[in-house]
Each structure stands twice: as C-alpha cells, then as structure tokens.
Amino acid sequence: MAHTVIIALLTLGAIARATRFIVDDSLFQPVRMAVDTRAGRGFYAWLSGLLNCSWCTSIWVSAATAVAHWAWHDTTAYLYVAAALTASHVVSLAASWLDSPPPPKHIVVDPVAVAMSVRDQRR
C-alpha cells in the first residue's frame with residue numbers, strides 16, 4: 001500500500017514538473033516561440049494555446065503520464081524518472097520560495113505606551 005502511495009505522489013510531482021517545463025521554462029521557450037510565430041488558425045493556434053496554458057498542458061501531460069504509468073509502473077526506470085522530476089519540481093519551488101523577498105515586518109504598538117506619549121505631549 002505504501003509503495004502505491006509513493007508511486008502516485010512521485011507521478012503527481014512528475015506531472016507538475018513536466019507541465020512547468022513546457023509552459024514556463026526557458027529551455028522550452030524556443031519551441032513555444034516557433035509555434036507562436038506559426039499560430040494563425042487551425043492546429044498551430046490550438047498548439048500555441050496549449051503550450052501557453054498550464055491547465056491545458058497539464059491535462060495532456062497527465063494523459064501521457066497515465067499511459068507511461070500503466071505500461072511501466074513496475075519498472076525501476078519509471079520510478080527513477082518520476083523521482084528525478086519530482087525532486088526537480090520540489091527544488092524549484094524551494095528555490096523560488098528562498099529567493100523571494102522577506103515579508104514586511106509588522107510593528108506591534110503598545111496602546112498604553114501610545115496613550116502615555118499622547119498625554120505627555122499635552123502638558
């Protein structure tokens with residue numbers, strides 16, 4: 001049972017990483033740009049919309065991953081590929097979180113001290 005849950009979680013991580021690679025990564029940008037230049041009507045317009053939409057791409061990546069899972073779920077290669085893609089996604093999330101600016105500091109004001117300072121200025 002635990003083995004099945006681990007494989008399912010690794011598969012979900014692999015789907016998330018592959019989707020992000022297609023839609024957002026700079027390594028795939030030349031492909032997206034080539035499709036965007038040909039996107040007028042028809043197949044290339046559909047493909048351009050697909051490559052620029054996370055929701056749309058994730059459906060097709062999930063379908064391909066489901067086929068791969070059905071065919072190779074019991075192989076070591078599938079486990080290693082899914083684990084590598086999941087680790088890559090987790091590291092990219094952690095890096096973006098660590099590189100983000102810190103949240104603003106909240107200043108806690110003591111209402112009694114404020115009331116005393118206001119009272120002192122009136123004298």
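What pattern does the protein follow, read along the sequence? The pattern is α-α-α-α-α-α, with 6 helices and 0 strands in the protein. Helices here are DSSP runs of H or I with at least four residues, strands are E runs of at least two, and both are numbered from the N terminus.

Some ground rules. This is a predicted model, in which local features need pLDDT of at least 70 and side-chain atom pairs count only at pLDDT 80 or more, while totals for chains, interfaces and linings use all residues. Residues are numbered from 1 along each chain as its sequence is written, and side-chain values use heavy atoms, with hydrogens and water left out.

Now the totals. Of the 123 residues in the protein, 21% are buried, meaning under 20% relative accessible area with a 1.4 Å probe, protein chains only. The accessible surface comes to about 9,500 Å² (Shrake-Rupley, 1.4 Å probe), and carbon and sulfur atoms hold 70% of that. Taking contacts (heavy atoms within 4.5 Å) with a separation of 6 or more, 58% join residues 24 or more positions apart.

The axes of α1, residues 2-23, and α5, residues 76-99, come within 7 Å and cross at roughly 60°; axes are lines fitted to C-alpha atoms over the stretch in contact, with angles from 0 to 180 degrees between N-to-C directions. That makes α1 oblique to α5, oblique being whatever is left after under 35 degrees (roughly parallel), over 145 (roughly antiparallel) and 65 to 115 (roughly perpendicular). Residues making the contact include I7, L10 and R17 of α1 and Y78, L85 and H89 of α5.

Technical notes
Buried < 20%, exposed > 50% of the residue type's maximum accessible area, 1.4 Å probe, protein only.
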